[in-house]
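My entries follow in the order in which I made them.

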Amino acid sequence: MEISVDVPPYLRVHKDGTVERIAGTQVVPAGFDSDTNVVSKDILVIPETAVTARLYRPNFTPQNAKLPLVLYFHGGAFCISSASDPLYHNSLNKLVAESNVVALSLNYRLAPEHPLPIAFEDSWAAIQWVTSHAKVQEDWFRDNVDFERVFLAGDSAGANIGHYMALKLNSDSKSDFDFKVKGLVMVNPYFWGKEAIGVEITDPERKRMVDTWWDFVCPSDKGNDDPLINPFVEEALSVEGVACEKVLVTVAEKDILRERGKLYHKKLSNSGWKGKAEFYETLGEDHVFHIFNPDCDKAKSLIKRIADFINEQTVNV
């Protein structure tokens, strides 16, 4: 079949409209993971759109044990992967074990079949479901979640989603949620912009590749300065509206996206936001290395850093 759009290394679209995903297509079932002593199950969170999530908790958690809740948004440039991807399933098992949390990993719908902003809409609907239905419909939430200790987290595109969910929690005047978001974890966040900065200037080949990704998942007359991918354009909501007490931004030294993560941390730290902005850089590694090589020492250190962030005492704001 002839190819009409090629989006390496993720997928290609054939002229008959068929989407052929090259990566992020494998799935593993939920269940007990003996390596981490974590158990998981799949749940329906948005019946109207059939959006599901994978729920995790440490195995044999006592009924009265109240643990932090992590709402996790996976990466994949908004167009590949899922909560049941073995790479993400493995990563969430390790994060839950290290952090001692309950986690919900969301299967938001993917572009191009569901172009942006659908992924953001699904994520917001999932947050609404958690606060309005979870305590009644899901025993793990009712028995084991401390809704005063909720964290948003994600890597790459998922970190982007987490940022905008934290903004929407603050800006949506109609929201009256019965939980408190304590923190936001952004691992190698996927932000971009038309004007190259830092290493993007000296790496035009990878710059063009990332340009292609965004044009594909979000056709827009604003291109790479669309507010959904560039949080610092004039029409974007100010980062100081992030609705949490603390934020952790992590970057990887060899990642073409690292300049955007550094800029985000700098802008947030220098804004009127009253929280605590933390920064962590992994040297010698590339984008979301911990997903692809989870057993290396640097991946273990990153997961431990995230766990420490979740469990450390939060600031008063």
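**Entry 1: the lining of the largest cavity.** I began with the classes of the lining residues in the largest cavity: 8 are nonpolar, 2 are polar and none is charged. I note here that the model is a predicted one. The residues concerned are Y72, S91, L92, L95, A153, V185, V187, H290, I303 and I306. I then looked up which elements give two or more residues to this lining, and found α1, β10 (181–187) and α10 (297–311). Of the elements, α1 gives the most, with 3 residues.

**Entry 2: the cavity itself.** How many cavities of 30 Å³ or more does a search of the whole structure find? I recorded 1 cavity of that volume. The space in the largest cavity comes to about 60 Å³.

**Entry 3: the general idea.** I reminded myself that a probe the size of a water molecule, rolled over the atoms, shows where empty space is left.

**Entry 4: the largest pocket.** I turned next to the pockets. The largest pocket holds about 500 Å³ of space. Its lining consists of 29 residues, and those nearest the centre of the pocket are Y10, I80, H287, V288 and F292. Which elements each supply at least two residues of this lining? I found α1 (86–99), α7 (204–217) and α9 (289–292). The element that gives the most is α7, with 4 residues. By class, I wrote down 16 nonpolar, 8 polar and 5 charged residues for the lining of the largest pocket.

**Entry 5: the second largest pocket.** For the second largest pocket I noted a volume of about 220 Å³. There are 13 residues in its lining, with Y164, L167, K168, L228 and L237 lying nearest the centre. Two or more residues of this lining come from α2 (118–132) and likewise from α5 (157–171). Which element supplies the largest share of the lining? I recorded α5, which supplies 5 residues. The lining of the second largest pocket divides into 9 nonpolar residues, 1 polar residue and 3 charged residues.

**Entry 6: review.** On charge, I noted 5 charged residues in the lining of the largest pocket, 3 in that of the second largest pocket and none in that of the largest cavity.

Methods. Residues are numbered from 1 along each chain as its sequence is written. This is a predicted model: local features need pLDDT of at least 70, side-chain atom pairs count only at pLDDT 80 or more; totals for chains, interfaces and linings use all residues. Side-chain values use heavy atoms; hydrogens and water are left out. On a 1 Å grid over the protein atoms alone, a cavity is a set of points where a 1.4 Å probe fits but cannot get out, and a pocket is an open set with protein on both sides within 12 Å along at least five of seven lines; lining residues have an atom within 4 Å of a point. Grid points are joined across faces, edges and corners, and a volume is the space filled by probe spheres set on the points. Ala, Val, Leu, Ile, Met, Phe, Trp, Tyr, Cys and Pro count as nonpolar, Asp, Glu, Lys and Arg as charged, and the others, Gly among them, as polar.
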